[in-house]
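Keep the picture open while you read.

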Amino acid sequence: MSHGSVDHGANAAYGAHLANDENPYHPFNSQIEWEVARWAKLRGATSTAFSDLLSIDGVSERLGLSFKNANELNKIIDHELPTGRPKFKREQVVVAGESFDVYYRDIIECIKSLYGDPDFARYLTFAPERHYTDEDQTIRLFHDMHTGKWWWNTQKKLDQHRPVTMFRNKSAYPMYLTIGNIPKEIRRKPSRGGHILLAYLPTTRLEHITNKASRRRSIANLYHACMSRVLAPLQHAGLEGINMRSGDGALRRCHPLFASFVGDYPEQLLATGIKFGDCPKCDVEKDDTESNTVPLHLRNIGEVLDALAALDQGNLAFVRACAAVGIKPLIHPFWEGLPFANIFQGVTPDVLHQLYQGLVKHLLAWLEAACGATEIDARCRRLPPNHHIRLFAKGITTLSRICRFLLGIIIDIRLPNNLNAGRLLRAVRGLLDFLYLAQYPCHSTETLHSETLALLDEALNIFHDNKEIFVDLGIRNSFNLPKLHFALHYSHMIRMYGTTDSYNTEYTERLYIDLAKDAYCSTNHKNEFAQMTTWLERREKNFRHEKYIQWRLTGAAHHLHHHPQPLEMSFHRTQTMTKHPSVKAVTLDKIVNEYGATYFRESFTHYIAKATLPVNTTVTSRQLEDQAGDVYLPFQTLPVFHKVKWVSVDVRGLGDPLVTVDSVHARPGRSRPFASDSVSPRFDTAFINDGTGGPLGVKFTYVGYRIGQVHVVFSIPPKALSTLFPPTFCPPKHLAYVEWFTAFQAPDCNHSLRKVSRVVKNGERLASIIPISNIHRSAHLIPCFGANAPREWSSANVLDECQTFFVNLYLDRHSFVTLR
């Protein structure tokens, strides 16, 4: 990139269009007028309802509004607010003798809008990078798009360039655009505005064409004709380059290039022209898609372009040429003339549709057939609660995204014909490991056992090595599934374009609500697309004006340019407690009886006796028990907290809000007149440092950590501190009563989960009082159900009724990374 001088920023240029240095809210007269306008357009009711509100005598006057109804407000927005993003335009495309409207924006102006957004200025990347973990540069890391090989390979062909990624949702045919310069942590958050709606494509089914084959070809040609119209400006700009100004005012020469296409399988077929059942990336035969050893050869884009050029030789020659290279006869597909575009390489993995709604949905159906839906659902209803687990009272066999406990609930299940369950467990483990590894935010090429890309391929091989169990059970005859085959491409695609969280269609699902559903609801359902685009333009102008007002009021703060770094897998989080207790005063008897802290008094006096020992003093267990027996508790009630939370930390400086990422609950049940209103008691389990463990990070080795069930979290009354402890000891502000489980056993060779049991001595559970700082995160235990789940067990009592459990490592990515 050739850098120009930073002469002015995007906000200053925006303010110049307003031409009012005194009033930061201009063209609105005051802050309250701007707030009312913002509410009306972004949060308010319908235009009619807003006009009716303002028509009430005295409302506009008392608020000091210059507009009297919605139409007057719209005129201010349309004519006086500068255009933040390009306007939509309507053109007609003729296919099969019928014309269709396509609403779209100038793609170059859309790219400039994202590139010049002041919120993104300090985060933009302008060149490809190679990241390594070692000084010898032998262990390469892949995470964001600019660390992938595609950017490097294209750099060799074009000295100055800029990648563009396309998104499309098939339900209403909106097409989205983003640029790879924006970090993926921003792109994947719809609220940050890292995507822009580029076009609404026609949604016709061409029902006037009676021949089904002709209709399908016409729909495909209509799609490509519309896409070609929208993307046409990239042909010249990609080769010759254009000057673009980023949000900080710096001018650079940029080359916008089509990089990747993200969509589900039908959309991939539509974009590439591949037939159903075939792979949209490689030329593997349809009957070989079940193999994990078949060679993978990317479709030859040169041969395909030559076949498309045969259109000039007549229809028959064209159809035969396309069939020879394995594509449908597409007339000028949108990628035909785009510089350096390879649609077969650019089709990216899609975790949502390929894995969750594809392979996991298949797997759940296979397990239902093998184990029985009744037994699987019965086990799901008896799982203990957890922050990361949603309990389904009706079971899970009708759902498709249940992965966090799927392996654990089938461990002891009985298979038909008494078949050994080892292969089934290994197959499920392999597929789940692949699912979790595929979603890592950073991958490495290390040649040791921790190479994550090698682990990704190994997990898939484990499934393939054991998948014949489903054939033996009579569930499957073959595994020729395109989505299963596409998993073989994940490792290569991560090397090319970065990790899968850079291009997941799940992120655009929210955009569909904001930019299609909400837009449609704002119309009168007549000529809706014209109204939808107008509504969207006004909405975007409000967002842009809000940024400008904030800039005017806070000043132009100088920020150093953010340099993207590889994501760490250590998962930074902060433990937090509420300022005030959930219950101010709970009697000791209630703590024992309602909170289940059976040995609370004994454990608390033991904790006090141990804390008051002089430094470097060693006593026997018997002496400590005698000293604990002499402790007097100068209170009858304690303040109790019902939850311990962990919140995220914005370690990358991207302005991410703090969110709750984990929690541990410890609360009694509540009875209500109606059973549906009653709340069951909940006492969660957690990973607890026994005082000898290190940080619970990636290199977690289970040493120094135990599972404990938290029954009560409390504070010691301040007035009692001087009575219970010497002045030299400062007790923690929050303590917890926990009941212990045994040390972790070695992982099972089939399912890799570790087994734990209750610690019981002389018929009593082993319990302790610990500082809550020793609680590192929640834990989820899956009961050992046996051949059939006991019907007297429930989610509320299973931790008490069952004695042996498996530690769930699929609870979330943190648990998977640290516990596997």
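The numbered points below go from the whole chain down to single residues.

1. Ground rules. This is a predicted model, where local features need pLDDT of at least 70, side-chain atom pairs count only at pLDDT 80 or more, and totals for chains, interfaces and linings use all residues. Residues are numbered from 1 along each chain as its sequence is written, and side-chain values use heavy atoms, with hydrogens and water left out.

2. Overall build. The protein has 29 helices and 27 strands; helices (H or I, at least four residues) and strands (E, at least two) are DSSP runs, numbered from the N terminus. Its radius of gyration is 31 Å, close to the 28 Å from the globule rule for 820 residues, so the protein is as compact as a globular protein of that length. That radius is taken over C-alpha atoms, and the rule is 2.2 Å times the number of residues to the power 0.38. The C-alpha trace spans about 95 × 75 × 60 Å along its principal axes.

3. Of the 820 residues, 54% are buried. Here buried means under 20% relative accessible area, exposed means over 50%, and partly exposed is in between (1.4 Å probe, protein chains only). The accessible surface comes to about 36,800 Å², with 49% of it belonging to carbon and sulfur atoms; the areas come from the Shrake-Rupley method with a 1.4 Å probe, and for residues only the protein chains shown count as cover. Among contacts (heavy atoms within 4.5 Å) between residues at least 6 apart in sequence, 70% join residues at least 24 apart.

4. The cores. Which residues touch the most other members of the largest nonpolar core? They are I396, F405, I409, L424, F434 and F470, out of 94 residues. A second, separate core of 62 residues includes L114, Y123, F126 and I209. A nonpolar core is a set of buried Ala, Val, Leu, Ile, Met, Phe, Trp, Tyr and Cys residues joined through side-chain atoms within 4.5 Å. Leaving aside residues up to four places away in sequence, F434 touches L355, L456, A459, L460, A487 and Y490. In soluble globular proteins, nonpolar side chains tend to be buried together.

5. Strand 19. Strand 18 (residues 685–689) pairs with strand 19 in the antiparallel sense over 5 bridges, and A686 stands opposite G708. Strand 20 (residues 735–740) is joined to strand 19 by 6 bridges, also antiparallel, with V712 opposite Y737. Strand 14 (residues 637–641) runs antiparallel to strand 19 with 2 bridges, and F641 has V713 as its bridge partner. Two strands count as paired if DSSP finds at least two bridges between them.

6. Elsewhere, 3 strands make an open sheet in the order 3-4-11, with antiparallel pairing. Strand 3 (131–132) and strand 11 (443–444) are the edges, each pairing on one side only. Strand 3 is joined to strand 4 (residues 140–142) by 2 bridges, and Y132 stands opposite R140.

7. Helix 23. This helix has 27 residues and reaches 39 Å from its first C-alpha to its last, close to the 39 Å expected at 1.5 Å a residue; the expected span is 1.5 Å times one less than the number of residues. Q550 sits in helix 23 (residues 528–554) and counts as exposed at 52% relative accessibility. G555 follows the helix, with a positive phi near 90°.

8. Where is the cis peptide bond? It runs from H26 to P27, with omega near 15°, and P27 lies in the loop between helix 1 (10–18) and helix 2 (31–42). N418 has a positive phi of about 55° although it is not a glycine; its place is the loop between helix 16 (373–380) and helix 17 (422–438), and N418 is exposed at 69% relative accessible area. N762 also has a positive phi of about 55° without being a glycine. N762 lies in the loop between strand 22 (760–761) and strand 23 (764–765), and counts as exposed at 81% relative accessibility.
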